[in-house]
Amino acid sequence: SVVDHTNTMMWIGNMTNCALNLCGQGQLLKHGRIMSKKIHGSFLNRKKWPCSLLLFQQTAVLCKIVDDEQLNHPGLEYFKHVSVNHIKAVKSEDSNTFVIHRLQQNEGEISEYGHCQKEEVIMKLECEDEDEKEEWIRTIKDEIDKLQIMAFSLSYQL
């Protein structure tokens, strides 16, 4: 409903330390609680951190949950983000975990297409169950596909 969407956007707008203008990221497609797993090492002797993943049309934003008193709208602190058009792959790692790989440009290395592209893991995320993990993977991949189709059609119009 409109009221639920408005409340959700007001909750997200109260996120602390956000480096992005969230209004410019397109429609909010999906959001939910998730555990962020450290890619290397751990968070101050923790291997996982409770987070909220926000998938907008243009950006996936990962926020730490810092105040869990309100179950549906916990306090959020910006952690990191990746532009959807920079996502190289979304892969299942185990029954509840998936990883998001980002394209990384290597300066100084030239390939036939310009700069050499390498991928790096930007987010390692654990869901409550396999169904939730598969739903996140499907939703992110669908958005990547939409952007690629739009970019392809725009390239033919130029």
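Analyst: A pocket is an open set of points on a 1 Å grid over the protein atoms alone, where a 1.4 Å probe fits, with protein on both sides within 12 Å along at least five of seven lines; its lining residues have an atom within 4 Å of a point. This is a predicted model, where local features need pLDDT of at least 70, side-chain atom pairs count only at pLDDT 80 or more, and totals for chains, interfaces and linings use all residues. Numbering starts from 1 along each chain as its sequence is written, and side-chain values use heavy atoms, without hydrogens and water.

User: Happy to have that! Which residues lie nearest the centre of the largest pocket?

Analyst: Val84, Asn85, Ile87, Ile144 and Gln148, out of 13 lining residues. Two or more residues each come from β5 (87–92) and α2 (130–157), and α2 gives the most, with six. The pocket's volume is about 220 Å³, the space filled by probe spheres set on the points.

User: What makes up the lining of the largest pocket by class?

Analyst: Eight nonpolar, two polar and three charged residues. Val84, Ile87 and Ile144 are in the lining, and they are nonpolar because Val and Ile count as such.

User: How many helices and strands does the protein chain have?

Analyst: Two helices and seven strands, as DSSP runs of at least four residues (H or I) and at least two (E). Their order from the N terminus is α-β-β-β-β-β-β-β-α.

User: What share of the protein chain is buried?

Analyst: Of its 158 residues, 35% are buried, so those have under 20% relative accessible area (1.4 Å probe, protein chains only).

Conventions. Buried means under 20% relative accessible area, exposed over 50%, partly exposed in between (1.4 Å probe, protein chains only).
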